[in-house]
Amino acid sequence: MTSSFGLGLRTQHYNDFLNARQPVDWLEVISDNFMVNGGKPLAILDRIRADYPMTMHGVSMSIGSVNGLDEDYLKRLKALEQRIEPMWVSDHLCWGGVHGRKLHDLMPLPFTQEALDVVARNIHHAQDVLKRPLVVENVSSYVEFKDSEMTEWEFLSEICNATGCQLLLDINNIYVSAFNHGFSAFEFIDGVPKDHICQFHLAGHQNNGDHLIDTHDHPVCAGVWDLYEYALTRYGNVPTMIERDDNVPPLAELLDELDIARKIAGDVLNTEGAA
């Protein structure tokens with residue numbers, strides 16, 4: 001069996017992708033960076049898209065907003081989706097604004113039935129506009145809500161059941177939240193519905209001793225690699241990418257890191273196939 005491996009497209013690497021074919025199967029673009037009517041970023045995106053399949057990953061949909069989704073945002077997202085025809089469109093399970101103002105952060109939700117109803121309504125709305133299943137990513141968190149009525153993995157499962165959406169499992173985010181809140185990352189992975197997993201993210205974080213911060217500015221650590229290996233045994237052949245958002249190294253370093261993911265997946269999937 002083989003899997004597919006991608007990278008997040010970052011401005012520091014535009015020339016690498018424009019000047020030569022790189023050993024990646026696809027690229028993930030941050031939707032919000034290209035939801036404009038024209039200009040150089042879109043022109044570059046079109047050139048790179050001609051050579052690579054792409055996925056779209058958003059940071060501002062605010063799926064958990066009690067005020068519903070921004071119609072203008074969805075309209076511009078749809079226009080970009082029609083332009084680059086991505087393999088899928090994803091965003092984060094969070095809220096990111098209040099009273100019409102963007103916080104530019106991925107704020108966690110309480111895992112309650114009330115929040116679930118809000119999220120399900122918003123996902124249905126997005127899917128009605130996009131005419132395709134939305135892919136939802138788990139976020140890292142640093143506080144827990146006293147009012148939560150279920151675990152995060154139970155919440156994700158209920159959302160999938162209610163909306164038919166798919167899941168982007170960020171393995172690093174699971175690792176960070178598990179450390180911060182004292183739950184089992186392996187139990188999280190066991191508890192999410194296998195047939196809804198669309199993609200994996202792998203990333204690094206900042207270790208502050210008694211808590212971890214999801215900074216995406218370090219290489220993937222050993223514990224996250226171990227969790228990725230376990231996720232592969234649970235879910236099988238899932239598209240995987242390395243996500244780096246700060247302290248972005250030369251492309252060659254990320255390609256080396258991606259090769260580690262390839263080797264782990266190859267070892268796991270070949271073993272599973274032989275069994």
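Author: Start with pairing: two strands pair if DSSP finds at least two bridges between them. Here, strand β8 (residues 166-170) pairs with β9 in the parallel sense, over 4 bridges. Helices (H or I, at least four residues) and strands (E, at least two) are DSSP runs, numbered from the N terminus. This is a predicted model: local features need pLDDT of at least 70, side-chain atom pairs count only at pLDDT 80 or more, and totals for chains, interfaces and linings use all residues. Residues are numbered from 1 along each chain as its sequence is written, and side-chain values use heavy atoms, with hydrogens and water left out.

Reader: Which residue is the bridge partner of leucine 169 in β9?

Author: Phenylalanine 200 is that partner. β9 is also joined to strand β12 (residues 240-242) by 3 bridges, and these two run parallel. There, leucine 202 stands opposite isoleucine 242.

Reader: Why is strand β9 largely enclosed by the rest of the structure?

Author: Buried means under 20% relative accessible area, exposed over 50%, partly exposed in between (1.4 Å probe, protein chains only). In β9 (residues 197-202), 6 of the 6 residues are buried, so the strand is largely enclosed.

Reader: Is aspartate 117 buried or partly exposed?

Author: Aspartate 117 has 40% relative accessibility, so it counts as partly exposed. Its place is in helix α4 (residues 113-130).

Reader: Where is alanine 20?

Author: Alanine 20 is in the loop between α1 (14-19) and β2 (26-30). It is partly exposed, at 38% relative accessible area. Its C-alpha atom is separated by 10.0 Å from that of aspartate 51, 31 residues apart along the chain.
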